[in-house]
Amino acid sequence: MNDLISLSIKDLLQHYEAGTLSPSEYWQAVEKRIDAFEPHVRALYAYDPEEARAQAARSTERWVRHAPLGPLDGIPVSVKELVATKGVPVPLGTAATEKVPAAEDAPVAARLREDGAVIFAKTTCPDYGMLSSGLSSFHPLSRNPWKLSENPGGSSAGAAAAGAAGFGPLHIGTDIGGSVRLPAGWTGLFGFKPSQGRIPVDPYYPGRCAGPMARTVEDAAWSMFTLARPDWRDATSLPPEDIDWSDLAANVRGMKIGLMMEPGCGLPLDAEVAAAVEKAARRFEKAGAVVIPVDPVLTREMLDGLDKFWRAKFWGDIEGLSDERKASILPYILDWARGGADVSGVEAARGFSRMLDMRRAASVLFTKIDALLSPVNPIVSYPADWASPTNDPALPFEHIAYTVPWNMSDQPAASINCGFSASGMPIGLQIVGPRFADLQVLQLARLYESWGGGVKVWPEPPST
């Protein structure tokens, strides 16, 4: 079973084409893996193995006829709960919502179905996707497969737990401040946040992206052939572009690569994280890149302004709920949101402007460098039942200082494993590229992976 689980998407497609392994046979292996891990990690929502078997059987028939629908036909994929799939309620991670079945697939789910992917489950997220945690008032607590006492991060918590546990090769998360990269870093996955609009989302919002979370760079890159097709429902969707996502060759000789070790504010950087990231940077230097220490783009004023704006916006979203429904929201989130009740319009507008300040600072930095390296997460790990790395609603965003600027600047960014702590927890390296240079980020990540980066082993199923 473990040998099958370790197969890449391209390996699987080659087997399907040759008839040496069918989508149904592979799904059986994934289903066994889910049976072994899911009672412990609780990564999934709306898991339907019977429907997955039916989808895999239809894919098997297509492959027998050598008539696959697309580049992901027969590949099991999970989709974050926030991404609508037709007929399945979208709880938004909270007990406060009405559980109404979605009327249609969101863009990501629609593209996956068009290409024959086996969508076997949604994955968990915290209330309204507003935490970097596996804690939710609706879903069971999601845990990190590397150590069940630890948090997988979030808000793509279930996607990270499912990916690290080996529930198939591809899991789709969303990211507005780091929600793909943060959990990918804490679980050892490769997580990719593309340029704004590269993967269409609905509803869309400044900084909000969908992105693949996978075991390898190649698997994530391959998914982009499907995910990056435009969709009219996202007004930020980029126009069609002929990008060969399988072209992952890179040469960094002479490239100017920034190294940002100080985030500008937020939690202090753990020594083990710093050492792993600096070692990764030296590897790029050894390959001929010019590695340049750079100052942070984020300031305390920017992060606090963003916090104030998001509180005000979110309070506006939930203010009209009944007292009973408000009381069912995770207390941490409700306490945080109440901080927006007294934010004036002028203060909210100033907070929104801080998002634009991040964008400007990022643009200035990238006039001097070709790419950027940094930590993803400032700390190694934190307890599974905490709502955030601070567990304090008054300090909600202290852990996103390395990741959030690139959402506000629309730039592609990725997390790839660059080592492990003494406690056995994965450590993430962030790679950031210029706006729209999505393929460059994937190429740099694949190059680092070829030097031994990324995760080569996976957690074993818990024995208890």
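# Helix packing, pockets and cavities

Biologist: At what angle do H10 and H12 pack, and how far apart are their axes?

Modeller: H10 and H12 pack at about 105°, and their axes are 8 Å apart (axes are lines fitted to C-alpha atoms, for helices over the stretch in contact, with angles from 0 to 180 degrees between N-to-C directions). H10 is therefore roughly perpendicular to H12 (65 to 115 degrees; under 35 is roughly parallel, over 145 roughly antiparallel, the rest oblique).

Biologist: Which residues make the contact?

Modeller: H10 brings Asp307, Trp310, Arg311, Phe314, Trp315 and Ile318, and H12 brings Ile333, Leu334, Asp335, Trp336, Ala337 and Arg338; contact means heavy atoms within 4.5 Å. By class, the residues of this contact are 8 nonpolar, no polar and 4 charged (nonpolar is Ala, Val, Leu, Ile, Met, Phe, Trp, Tyr, Cys and Pro; charged is Asp, Glu, Lys and Arg; polar is the others, Gly among them).

Biologist: And what is the model itself?

Modeller: The model is predicted, with local features needing pLDDT of at least 70 and side-chain atom pairs 80 or more, while totals for chains, interfaces and linings use all residues. Residues are numbered from 1 along each chain as its sequence is written, and side-chain values use heavy atoms, without hydrogens and water.

Biologist: Back to helices. How do H3 and H4 pack?

Modeller: Helix H3, residues 23-41, packs on helix H4, residues 49-64, at about 155° with the axes 7 Å apart (helices are DSSP runs of H or I, at least four residues, strands are E, at least two, and both are numbered from the N terminus). The two are therefore roughly antiparallel to each other.

Biologist: Which residues meet there?

Modeller: From H3 they are Pro23, Ser24, Trp27 and Glu31; from H4, Pro49, Ala52, Arg53, Ala56, Ala57, Ser59, Thr60 and Trp63. That contact divides into 7 nonpolar, 3 polar and 2 charged residues.

Biologist: Pockets next. How much space lies in the largest pocket?

Modeller: About 820 Å³, a volume being the space filled by probe spheres set on grid points joined across faces, edges and corners. On a 1 Å grid over the protein atoms alone, a pocket is an open set of points with protein on both sides within 12 Å along at least five of seven lines, a cavity is a set where a 1.4 Å probe fits but cannot get out, and lining residues have an atom within 4 Å of a point.

Biologist: What lines the largest pocket?

Modeller: There are 36 lining residues, with Tyr128, Gly129, Met130, Ile176 and Arg208 nearest the centre. Strand S4 (170-175), helix H10 (300-318) and helix H12 (331-338) each give at least two residues, and H10 has the largest share, 5 residues. The lining counts 20 nonpolar, 11 polar and 5 charged residues.

Biologist: Where does the second largest pocket have its centre, in terms of residues?

Modeller: Nearest its centre are Ser6, Arg215, Val455, Lys456 and Trp458, out of 20 lining residues. Helix H1 (2-5) and helix H15 (438-450) are the elements that supply two or more of them. The second largest pocket holds about 310 Å³, and its lining has 6 nonpolar, 6 polar and 8 charged residues.

Biologist: How many cavities of 30 Å³ or more?

Modeller: There are 2. The largest has about 50 Å³ of space, lined by residues including Leu82, Val108, Thr174, Asp202 and Arg208. Arg208 is also among the residues nearest the centre of the largest pocket.

Biologist: Which classes make up the lining of the second largest cavity?

Modeller: That lining has 6 nonpolar, 3 polar and no charged residues. The space is about 40 Å³, and the lining residues are Gly185, Trp186, Val273, Asn377, Ile379, Val380, Pro426, Ile427 and Gly428. Helix H7 (181-187) and strand S11 (426-432) each give two or more of these, and the largest share, 3 residues, is from S11.

Biologist: What about phi at Arg42?

Modeller: Phi is positive there, about 50°, although Arg42 is not a glycine. Arg42 is in the loop between H3 and S1.
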